[in-house]
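The following report concerns the sequence and structure shown below.

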Amino acid sequence: MKIKKIIILSIFFCSYAFCENYFSEFRFEDRSGKNNHDDSEIYGVSIGKYVSSNIELDIFTREKYPHTGNNNTRVELGVKYKLPLSNSLTYFSRIAAGKKYLADNNYSYWNFENGFKLNIYNALDGIVSLRYRDSFNKDKWQEFDRTYKLGLIYKLTNSYFLSTTYNHARGESAFDSVGLNFKINF
């Protein structure tokens, strides 16, 4: 329910005049759980601002619906830095902190992702990255994992992007997933 409210509010409040240099991304992910983890679907949305050509800030939330058991929610704040290495290759790094809301308890976590974006052909880019995530309170929550990501981003227009990703996560979270995302630059 939180996700629906955020999507509706972001669409309602963001017009081209009001949200210049802002973006929103809608995400879907189908996860195949590994090592006794449940299969699940993820629905998420992020809203962010391009601070400069190299820095963006975002708030991201998602709802996880496992095939068995309880769903859970994550909310995180992040900052991403992009460094062009050539006309077709860009290095990026994102650091974030967030909170995971569970049925019986909640915990705070951090994540750190490094990767590269490569322009393959005109409107098609490829991405590869590695993300590390862990809880702030390791005595209470052992939540370390790492996620390898491969993806393609297709530029529909200067404002609309469609991307697909493959994620391979191992650690406390263990899954392989395929994602589909739609991004709007305002």
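S93 stands opposite N114 in strand 6. The model is predicted: local features need pLDDT of at least 70, side-chain atom pairs count only at pLDDT 80 or more, and totals for chains, interfaces and linings use all residues. Residues are numbered from 1 along each chain as its sequence is written, and side-chain values use heavy atoms, with hydrogens and water left out.

Strand 5 (residues 89-101) and strand 6 (residues 106-121) run antiparallel and are joined by 13 bridges. Strands here are DSSP runs of E of at least two residues, numbered from the N terminus, and two of them pair if DSSP finds at least two bridges between them.

P84 has its place in strand 4. With 52% relative accessibility, P84 counts as exposed (over 50% relative accessible area, 1.4 Å probe, protein chains only). Not counting residues up to four places away in sequence, P84 touches N54, L89 and T90, contact meaning heavy atoms within 4.5 Å. The C-alpha atoms of P84 and N54 are separated by 8.5 Å, the two residues lying 30 residues apart along the chain.

Notes
Helix = DSSP H or I, 4+ residues; strand = E, 2+ residues; numbered from the N terminus. Buried < 20%, exposed > 50% of the residue type's maximum accessible area, 1.4 Å probe, protein only.
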